[in-house]
Amino acid sequence: MLAALMGVLLGLLGGGGSILAVPIFVYVLGYGAKEAIAMSLAVVGVTSLFAAVGHWRRGNVNLRVALIFGAVAMAGTYLGARLAVFFSDAAQLALFAGVMLLAAFFMFRDGGAPEAESHGMPLALIVFEGIGVGVLTGLVGVGGGFLIVPALVLLGRVPMKIAIGTSLLVIAMKSAAGFVGYLGQVDVPWTYMTAFTLVAMLGSLGGSFLANFLPQRTLKKGFAAFLTLMGALILAQNVSTLF
């Protein structure tokens, strides 16, 4: 049920639903932080690739940006995953809570970036943004679309529709690299993770259908409020254990 809910939210909002994966794996299913983050990367990556295919068919993927950004982000994500061994579970969850609050901030702002006219993005900017978002993804297990899309639109002057499609492909690429980075560090329950991912993908189809009937702005504001509450609770629970 929770996998389906996560998928529905992903389909409804075009992103953000995947940030529920880590709390579900940790607080509901009882996995450790590192196992939860590794599985989250797999769920996020496969679901994002599934969604990216549809955007690519509609011409909403800038392959130049995706391949360059994605390649750099993959290196950053793999590095973040390998660095995770130096972080305690509490430290990773505290950092994850901070990312939840940052995602809520972007959603409260409504993601209202203006349409852009140019498809160009400077190579140096792609490299800098890709490494930063990649390392964060590897450490906390989220796709980072709420960071990538505004960067592509506001900094790279990429139109919103193309930014969303491009972001999904980048997320799939770097999530795969991050998952590989965790292999050998954690024991992955492959059967359970695969089933969870398939249910989430089916849920995303339902969410995409419902998105035609529900107001996106209201949904984003409500989900942002939920992320704020969850992020504050997780942060409060784990920060105290760091000192």
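Visitor: At what angle do helix H2 and helix H3 pack?

Guide: This is a predicted model, with residues numbered from 1 along each chain as its sequence is written. Local features need pLDDT of at least 70, side-chain atom pairs count only at pLDDT 80 or more, totals for chains, interfaces and linings use all residues, and side-chain values use heavy atoms, without hydrogens and water. Helices are DSSP runs (H or I, at least four residues), numbered from the N terminus, and axes are lines fitted to C-alpha atoms over the stretch in contact, with angles from 0 to 180 degrees between N-to-C directions. The axes of H2 (residues 21-28) and H3 (residues 33-57) lie 8 Å apart, and the packing angle is about 145°.

Visitor: Which residues of H2 meet H3?

Guide: Contact means heavy atoms within 4.5 Å. On the H3 side, the partners include Ala 36, Ile 37 and Val 43. The H2 residues are Ala 21, Val 22, Phe 25 and Val 26.

Visitor: Is Phe 25 buried or exposed?

Guide: Buried means under 20% relative accessible area, exposed over 50%, and partly exposed in between (1.4 Å probe, protein chains only). Because its relative accessibility is 0%, Phe 25 counts as buried.

Visitor: How many residues apart in sequence are the parts tied together by the pair of Tyr 31 and Tyr 192?

Guide: Rings of Phe, Tyr and Trp (its six-membered ring) pair if their centres lie within 6.5 Å; planes under 30 degrees apart are stacked, over 60 edge-to-face, and the rest tilted. Tyr 31 and Tyr 192 form a tilted pair, 6.4 Å centre to centre with 55° between the planes. Tyr 31 lies in the loop between H2 and H3 and Tyr 192 in helix H9 (residues 190-210), so the parts tied together are apart in sequence by 161 residues.

Key. Helices (H or I, at least four residues) and strands (E, at least two) are DSSP runs, numbered from the N terminus.
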